[in-house]
Amino acid sequence: MALSAEQSGRLARLLTEQADRLTERWTELVTASLRGRLSRAELAGQARELHRSIIDAGENGLTELADEHGGELRAVLAELSAGRARQGFSATETAISVYALKDALLELMEESQGTETLRDFVAFSALIDQMGLFTFESYVRTRESLIADQAEQLLELSTPVVKLWEGVVAVPLVGTLDSARAQVVMERLLQALVDTGSPYAIIDITGVPAVDTQVAQHILKTVVAARLMGAECIISGIRPQIAQTIVALGIEFGDIATKASLADALRHVLRLSGVETAVRRPRRES
Amino acid sequence: MERVPILKIGDILLVSIQVDMSDQTAMQLQEDLAERIVATGCHGVIIDITALDIVDSFVGRMLSTIASISKVLDAETVVVGMRPAVAITLVELGLSLSGIRTALNVERGMELIAAARADEWDEADGDEDAETTATA
Amino acid sequence: MTAGVDLGVPATQAIRSDEDVVRVRQLVRTTAVAVRLSLVDQTKLVTAASELARNTLIYGGGGTAEVTTVDDGRRRGVRVVFADDGPGIPDLDLAFTDGYTTGSGLGLGLSGARRLVDDFDIRTAAGEGTRITVTKWSR
């Protein structure tokens, strides 16, 4: 427990009585640490909001950040750190926004002569430490979700599904195929089948450096799913080494058509679709 | 209990499942379809599951059963409109739905049925031709 | 099984009839949408719930499904508990056999349902009913 109920009340009173002085000093310290990347007015606003929520929590008898009275305070802290994370500030810069309150408080309390002062300061300090840690956690979480979003976007960009002909779509896979990527590819391919009404799909793995059991499984699942929907998949771009690996691993592609090149696969599908291709002879001037 | 409507379009029965069926409703559909196939003497059944957001083992079994029953009654069944998420789930669930023909939509389903009928007739014709050439 | 904190009051659906199985599906779907599970994950969870709810009705003689949203600090998820006071499952190994692919209709198909969810916990014994807890997390 960081604070006793009385200390909680004293903190609230101290903050209330010295509101302006505290928020001023606090804002000053934070502004200095962020070196002008956020306006003073904005920081002052954040300081006041944080100040307000600490007072509220204190008046409600908060003994530590994690208890139920701390809900609003935690929300304000989370908001603050998420903002910092999105704006590209470092973890330290974010934490300083909270720890600066300690310095401001210390300056204030040094002037007081009460016997409880030292113990109170230690208690307030413990609470601010909890707040700092919490802020750090929130910061990390926001950064992680930003990274996850970017990874997803990258995934989207690198898995195009193209329509090659009436009733034929193709997915040229490039790079390593991990579980996450395989999922995305499968879903997008299947959706493309529905959107274009194509009964044929060519999965080209020319650009896939290595095929292991996992990758083969993913491809197989995609083919089975497409069949369930009423479409047929052809796998193309199987290089000699990959063919050897597949046989060595004992992977059975069963009755799934496989072709060495995308061109072969397209020719195959066109034939299945009843399309005839012909070379046009140039007209001669007689 | 709701009943899934069955439409007759020419020589084909069309069922479009629009509701989240209870097991009883599914069983009723199975019965109704068998009855209608016999009553109309149709040769094709198209079951449109575009509106189904899940297909579990019960519905899967029902579809398989309908396919088997209709085959016995000389009709082709095609299931159309399966959603990608449903297909992916069925693969994970390990439900193979073997014995069921599928197509992307009603139009392709009809083509499939027509092609299946044509194949049958070709086979029958082929036997006749063989006889004719033999005697000539 | 990953822990996770229960958020909010669980929604309970009694399973005593065919229509109740449909209600369980709808309840699970609504919750999955609220937790923002991807479409594929929603489909998988609702399908698993359908299988398990049916088992509860047919093999368990009726029971309940309790749906809650959970949070493990990093992501949210949906947890469903299927409980019945039925005969229990004496041979779990048999129950986990893939009965569906043979099309025989036998077997509880628990292994199929297990593949569709992230966490799967089963407590059962002959004559002591069954309690199955499944969880699906958002990514």
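Mentor: A crossing of two helices is called left-handed if the near helix is turned anticlockwise from the far one by less than a right angle, and right-handed if it is turned clockwise. Helices are DSSP runs (H or I, at least four residues), and strands are E runs of at least two, both numbered from the N terminus. The model is predicted, so that local features need pLDDT of at least 70 and side-chain atom pairs count only at pLDDT 80 or more, while totals for chains, interfaces and linings use all residues. Residues are numbered from 1 along each chain as its sequence is written, and chains are lettered from A and ligands numbered from 1 in the order in which they are written.

Helix 2 and helix 5 (residues 91-110) of chain A pack at about 140°, and their axes lie 8 Å apart; axes are lines fitted to C-alpha atoms, for helices over the stretch in contact, and angles run from 0 to 180 degrees between N-to-C directions. Helix 2 and helix 5 of chain A are therefore oblique to each other, given that angles under 35 degrees count as roughly parallel, over 145 as roughly antiparallel, 65 to 115 as roughly perpendicular and the rest as oblique.

Contact requires C-beta atoms, placed from the backbone, within 7 Å. On the helix 2 side of chain A, the residues that meet helix 5 include A:L22, A:W26 and A:L29; among their partners in helix 5 of chain A are A:I96, A:A100 and A:L101. By class, this contact between helix 2 and helix 5 of chain A has 10 nonpolar, two polar and four charged residues (Ala, Val, Leu, Ile, Met, Phe, Trp, Tyr, Cys and Pro count as nonpolar, Asp, Glu, Lys and Arg as charged, and the others, Gly among them, as polar).

A second pair in chain A is helix 4 (residues 71-86) and helix 6 (residues 117-157), packed at an angle of about 45° with axes 8 Å apart. That angle makes helix 4 of chain A oblique to helix 6 of chain A, and helix 4 of chain A passes helix 6 of chain A in a right-handed crossing. Among the residues that meet are A:L77 and A:R84 from helix 4 of chain A, and A:F134 and A:Y139 from helix 6 of chain A. The classes in the contact of helix 4 with helix 6 of chain A are eight nonpolar, four polar and four charged residues.

Technical notes
Two residues are in contact if their C-beta atoms, placed from the backbone, lie within 7 Å.
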